[in-house]
Structure formats: C-alpha cells, structure tokens
Amino acid sequence: MSLLTPLCLFFLFPALIQAQAPSPFPWSEGEKLTYLIEWGPIDAAEATFTARQEPKREGIERFELFLRSRGPIEAFFPIRTRITSLTQLHPWRTTEYIQDRQEGGNIRHRRTLPDYSVRLGRFFPAPGRAEENFDILEGPYEDFGSMLYHVRAYPWQKGSTVTWQVLENKEPLFAKISCTQIATLPIDERPPLPLIEIFGQPHGPSSRHQGWMKIWMTDDARRIPIFAQLKFQYGTFDIRLIRGGGPELDYRPDGEPIPIYSEAESSQKP
C-alpha cells in the first residue's frame, strides 16, 4: 500500500448531504499549499495542493494534488503522483477524477466519471482497457481532490456531525465527520491559535478501511488546514503545513522554510 492510499482515504471526506458551501470560498485563485508528511521520525513525503478555475468551464474548479516522496522513502519507494479533481461548485459535486500515479516503479493512469442523471459511475482503469460501470447512490459524490476544499468551505459548528461519501476508484465509501472543537488551541508546538478541530472515521459496510483522522484548520476566512494526524494499520502520520500559509502559519522548526524538493525539480527542467 502506498502512502497516498491512507492519505486519500482519511485526509478529508466529501459531503453526502446537499450542503452548499458559502461564497466567497476560503481559497484564492491559484492558491498553493504544501505539507510535510512525517511517519514517526521519518520525513516520508510532501503534498502540494493547488486550486484554480478550470478554463472555459464556468463554475468548475480544478483541484490538484502533487505527491512526492522524501527521505528514505524516496530511496526505496519513489513517488511522483498527481491527482486531479474537476469539481462543480454549485451544487458541490465531483464531475471528473483523474489519477496519474507513479509509486515504487508502478505507473497507473485512472479516471472516474460520475453520471448523476442515471446514478452510474464510469471507471477507466488504464489506457487501452475497457471502462467499468458501477452504481452510485442518490446525492452528490466527491473524490479525494475536492475533499480538502469542501471541508474548508463547510459551515462547521462545535458538536456538528455529518455522514459523507466519496468515490475511491469504483467503490463508494462513507465516513462520519465531527467538529469536536472550535477554540484557541496550541497545536504542533505553535502558539495558541483560533482553530477548528475535525475528527473523521470510516463508516458504513466497507471493512477494508480502518483508522481515524484529526485535522486542525484556522478559524478565519481562509480556513487553512495547518496540521493533521492520521492513524491506520501502518502507524501514525503527522501532516504539517510548510508553505503557503505565510510566516505565521508555515511550520519552520529552525526558523527557516523547509525546502520543497518538487520545486527544485521543476526549476531544473529545460
């Protein structure tokens, strides 16, 4: 199992109910947030999220995640994976989900298209392979790429709980998400900040996915997730914001920015 799998399953979860995200949305056009993923003492990966409007498609947002391995993971299981979500904002729902995954030498290109008019999902497992169809339930679906942004836009109140669903390839999954705190909290060795604390667990008939996730995001107009903890069968992961929030939010253990390796690779390209 790659590092992306637990991250996708538990990092954030999309809305099953028809909850409308408030406008304007918390993120700006072209926003980029980069996170350091730590597996115990190991720097395991970095994850960069970007949000921008999809050209020539009004009301459709393009959310992208680029995941790159770091440290010893880079040596024995290199990862260069890009996840793309095309998300309709009103009503909020996934329209297309694309996975270009390079993980440990395995290359996979996958695409999922939900058709809400007939409650049918279309899954394309690989180039040149026939599509696979599957039933979807009534109501909106989301994918991993849209989850972070919908959680940021959702009107959380302390104690509120929702049941949400998400497309994972051709398997609809469920999760129960709760807002456990909205308070000024000390998180990740930082001075206390006004934060929203979210807790999520898998929910429903699937028994393959176990664990939990806690997320802390700023209780302000930007709703930026600054820290998360993920627990599943392979251990506990810490996920820290290291670029994009500004000096007051980016994690800087030595007072200096943490280098982002994917940026150095991009600058070396002709």
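The exercises below, each with a worked solution, concern a predicted model. Local features need pLDDT of at least 70, side-chain atom pairs count only at pLDDT 80 or more, and totals for chains, interfaces and linings use all residues. Residues are numbered from 1 along each chain as its sequence is written, and side-chain values use heavy atoms, with hydrogens and water left out.

**Exercise 1.** Determine which strands pair with strand E1 and in which sense.

Solution. Strands (E, at least two residues) and helices (H or I, at least four) are DSSP runs, numbered from the N terminus. Two strands pair if DSSP finds at least two bridges between them.

- Step 1: E1 spans residues 31-39. Its pairing with E2 (residues 42-53) is antiparallel, over nine bridges; Tyr35 stands opposite Ala47 in E2.
- Step 2: E1 and E2 form a hairpin with two residues between them. In the turn, Gly40 has a positive phi of about 65°.
- Step 3: E1 also runs antiparallel to E14 (residues 235-243), joined by six bridges. Here Thr34 stands opposite Arg243.
- Step 4: Seven of the nine residues of E1 are buried (under 20% relative accessible area; exposed is over 50%, partly exposed in between; 1.4 Å probe, protein chains only).

**Exercise 2.** State how many residues of helix H3 are buried, and find the residue that caps its N-terminal end.

Solution. 

- Step 1: The cap is Asp143, with a side-chain oxygen 2.7 Å from the backbone nitrogen of Gly145.

**Exercise 3.** Trace the salt bridges of Glu132 and classify the exposure of each residue involved.

Solution. A salt bridge is a side-chain nitrogen of Lys or Arg within 4 Å of a carboxyl oxygen of Asp or Glu. The whole structure has 18.

- Step 1: Between Glu132 and Arg129, the closest N and O atoms are 4.0 Å apart.
- Step 2: Between Glu132 and Lys170, they are 2.3 Å apart. This pair links distant parts of the chain, 38 residues apart: Glu132 is in strand E8 (residues 132-135), Lys170 in the loop between strand E9 (161-168) and strand E10 (171-185).
- Step 3: Glu132 is partly exposed because its relative accessible area is 22%. Lys170, at 41%, is partly exposed, and Arg129, at 52%, counts as exposed.

**Exercise 4.** Identify which residues are linked with Glu38 in a network of salt bridges.

Solution. The network links Glu38 with Asp188, Arg190 and Arg240.

Notes:
Polar contact = N/O pair within 3.5 Å; in protein donor to acceptor, adjacent residues only side chain to side chain.
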